[in-house]
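Reader: Before we discuss assignments, please show me the sequence and the model, and then let me ask about the labels one by one.

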Amino acid sequence: MLYQQITKNKRKTVILLAIFVIILAIIGAVSGKIFYNSPIEGIMWSIFASVVYLFIGLANPASMIMRMNHAIEIKEQDDPELWHVVEDMAMVAQVSMPRVFIIEDDSPNAFATGKNPQNSCIAVTMGLRKMLTREELEGVIGHEISHIKNYDILVSTVAIVLVAVISFIGNLTCNVFLYFGNIFSDKDDDRNANWGWLIYLFMRIFSSLLVFSATLVQFALSRNREYLADAGSVELTRNPKGLISALTKISTSAPMTVADKSSASLYFENPFHKHGLTHLFDTHPTTKKRIERLEKM
């Protein structure tokens, strides 16, 4: 059951990333057709923009994210138990030892970040250290190490970049069309002006729908990777009970006060404990669903 769950979640990730690429190709093709009369050229420019954005985003993501969340790096002597748990989980997962950080916040939580398993970091809050037993701590750290091992730290960055590029291309196309659309101000031909505004309105709606769709895919991808990391934690610890107990404690705790909103999807649990009615815009699955899956492993 465990390995079937891992395989299923990996398959979902591939499908979601493929949908991302399709959305990017569509908006690139439309832009290319409008400005160059060549959809292929538009797709090439959208790919180029994605690569540039990705290069910038992966330059040094860990240090920036740690500063945004007020995390302080520690060494082994600062917290031997935490250090050894991270070290043990990294050894079992066969990944490099991540840098370890502490966040001065009483709410229990944790997250992993970095551009690859060789350049990764794990941050935990003081609340997590005070509230969880070693068994529960191993479950949470196993979850974060799984994010690192599965390259989720890279996948989340790619997803953010693709949404940003899709939004950028859509807005740029609409704004350029509006700026150079002399038909809008053609007082001698009201018919052309009206058609121009209708085309612009259609482009704006179409662009917004693509950005909306890409955002939904990003959140679905994030939720799917959480399930995968939960399964990975069980694979590393061989103990789903520790993770289940940790999830229960964390989900019923107070929200964090120092967490950066843009980093919410990185955390073990949404640091603000926000879940929508439809769950389409949730960055994390509900605790109930995560526990139900863990209980079946």
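Reader: Why is Gln 94 called exposed?

Author: Exposed means over 50% relative accessible area, buried under 20%, and partly exposed in between, with a 1.4 Å probe and protein chains only. Gln 94 has a relative accessible area of 72%, so the residue counts as exposed. This is a predicted model, in which local features need pLDDT of at least 70 and side-chain atom pairs count only at pLDDT 80 or more, whereas totals for chains, interfaces and linings use all residues. Residues are numbered from 1 along each chain as its sequence is written, and side-chain values use heavy atoms, with hydrogens and water left out.

Reader: What makes the phi of Gln 94 worth a remark, and where does Gln 94 lie?

Author: Most residues other than glycine have a negative phi. The phi of Gln 94 is near 60°, a positive value in a residue other than glycine, and Gln 94 lies in the loop between α4 (80–93) and β2 (99–103). Helices (H or I, at least four residues) and strands (E, at least two) are DSSP runs, numbered from the N terminus. His 70, in the loop between α3 (61–68) and β1 (71–74), also has a positive phi near 60°.

Reader: How do you know that Glu 73 forms a salt bridge with Arg 99?

Author: A salt bridge requires a side-chain nitrogen of Lys or Arg within 4 Å of a carboxyl oxygen of Asp or Glu. The closest N and O atoms of Glu 73 and Arg 99 are 3.1 Å apart, and the pair is accordingly assigned as a salt bridge. The pair links distant parts of the chain, with Glu 73 in strand β1 and Arg 99 in strand β2, 26 residues apart.

Reader: Why is Glu 73 counted as partly exposed?

Author: The relative accessibility of Glu 73 is 31%, so Glu 73 falls in the partly exposed class, and Arg 99 is likewise partly exposed, with a relative accessible area of 35%.

Reader: Why are Asp 79 and Arg 129 called buried?

Author: Asp 79 has a relative accessibility of 14%, and therefore counts as buried; Arg 129, at 16%, counts as buried too.
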